[in-house]
Amino acid sequence: MAFLIKRFKERMNHFMAAHLANVQTQSQIQHIQTMQALKVIASHLDPRLIGQLPSGEGQFIELTDEVSLIPNYANRLSVDDVFLLSFPRSGNTWMRTIIGGILYPHHLFQSLQDLDDYIPDLNTRFPNHNHFSSPRVIKSHQPYHQREGWQNPNLYGKFIYILRHPYKAITSYYDFERFRAPYLFTTLGDFVEQVVMGGYHFGNWQQHVISWLYGAKRAQSTLFLRYEDLQKQTIPTIIQIGGFLGKPLNEAQAEIIRQFASQENMIEMDKKGSEVPGYELVRRGDERQTKTKESLTDDMKAMIYAYNKEQMDAWGYGADGSVNFDYPNKGKYDR
């Protein structure tokens with residue numbers, strides 16, 4: 001009897017080992033097939049994505065109703081990096097152009113797409129070269145709790161955060177997303193509701209701001225800038241940015257950078273290549289890119305203000321769309 005029980009256990013162990021091996025093999029086959037499909041998709045969207053597809057332990061692919069490629073750049077970040085952060089469509093491209101003009105020879109930036117090579121975007125790709133400035137500046141739209149490399153508490157010790165009136169940022173964000181994925185939203189109202197409720201990509205505007213105010217408590221050096229202040233006081237703000245990056249500038253040098261990052265020059269750079277082919281990242285005034293010319297209604301503005309009142313008031317953003325240049329948080333988090 002004991003002999004039969006022993007043989008039975010041996011057969012069961014053999015069966016389970018073979019079954020697990022088969023499951024593992026099937027899983028590997030499915031993984032390979034998934035990666036092959038993603039590479040085909042990436043080759044059509046942007047060939048540069050192919051080199052950033054996740055592979056190996058600790059890297060993941062998130063598949064929902066959309067295909068999301070999530071590269072893992074955490075091991076390439078440094079405690080010496082300076083991060084450029086913002087809610088989407090808040091002036092990050094303009095700021096990257098200014099920073100590029102401060103840290104690099106201007107001839108390196110023939111197009112806006114070149115910004116990705118020297119001030120990389122953690123949400124897209126990280127170039128493989130060693131020609132970065134010192135300090136190296138890295139862009140991200142992620143809120144603090146979703147930041148790349150969150151496991152390392154020493155990262156994000158120095159960062160610049162850009163704010164823009166949420167009425168302008170959300171409207172521009174909608175225009176961008178309508179171009180990028182026109183099937184996702186039928187109306188501006190649908191988009192406003194999803195963003196305000198925190199259910200779209202990077203969360204609600206106020207949640208995003210508060211997350212990085214929390215991050216500022218743990219950082220050694222931070223600079224919070226408003227898009228509207230940069231518009232009104234461009235030269236002094238460029239000098240302030242240069243000082244923050246350890247690159248002191250006089251007014252003459254700041255003027256050269258202002259011209260380099262002017263709307264006219266950026267429009268020409270945009271024509272030569274941008275991170276979103278076919279989309280004009282830089283436009284004059286409030287021109288819209290998509291055929292949908294919707295504007296925020298009073299009800300939409302009321303909803304945005306109701307869910308963002310605390311931080312809108314703190315940063316001088318009025319419920320009527322106005323911008324106050326004397327506001328409670330002015331310079332409060334700069335150090």
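pLDDT is the predictor's confidence in each residue, on a scale from 0 to 100, and a contact means heavy atoms within 4.5 Å. This is a predicted model, in which local features need pLDDT of at least 70 and side-chain atom pairs count only at pLDDT 80 or more, while totals for chains, interfaces and linings use all residues. Residues are numbered from 1 along each chain as its sequence is written, and side-chain values use heavy atoms, with hydrogens and water left out.

**Confidence**

The protein chain has a mean pLDDT of 83, and 76% of its residues reach 70 or more. Over residues 54-69 pLDDT stays under 50, and the model has 22 contacts beyond four places in sequence for them. Residues 15-25 also stay under 50 in pLDDT, with 0 contacts beyond four places in sequence. Where pLDDT is low, the predicted coordinates should not be read in detail.

**Two helices**

Helices (H or I, at least four residues) and strands (E, at least two) are DSSP runs, numbered from the N terminus. Buried means under 20% relative accessible area, exposed over 50%, and partly exposed in between (1.4 Å probe, protein chains only).

In helix H8 (residues 234-244), the buried residues are Thr234, Ile235, Thr237, Ile238, Ile241, Gly242 and Phe244. They pack against partners including strand S6 (221-226), helix H7 (227-232) and helix H9 (251-260).

Where does helix H11 (residues 298-314) bend? The bend of about 85° is at Asn308, taken as the angle between axes fitted to the seven residues ending there and the seven starting there. Asn308 is itself buried, as are Met300, Ile304, Tyr305, Gln311, Met312 and Ala314. Among the elements covering these residues are helix H4 (166-180), helix H5 (188-196) and helix H6 (205-218). Gly316 follows H11 with a positive phi near 80°.

**Backbone details in loops**

Most residues other than glycine have a negative phi, and most peptide bonds are trans.

| Residue | Phi | Relative accessibility |
|---|---|---|
| Arg89 | near 65° | 17%, buried |
| Tyr156 | near 65° | 3%, buried |

Arg89 sits in the loop between strand S3 (82-86) and helix H2 (92-103), whereas Tyr156 is in the loop between S4 and strand S5 (158-163). The peptide bond from Ser134 to Pro135 is cis, with omega near 10°, and Pro135 belongs to the loop between helix H3 (115-118) and strand S4 (137-140).
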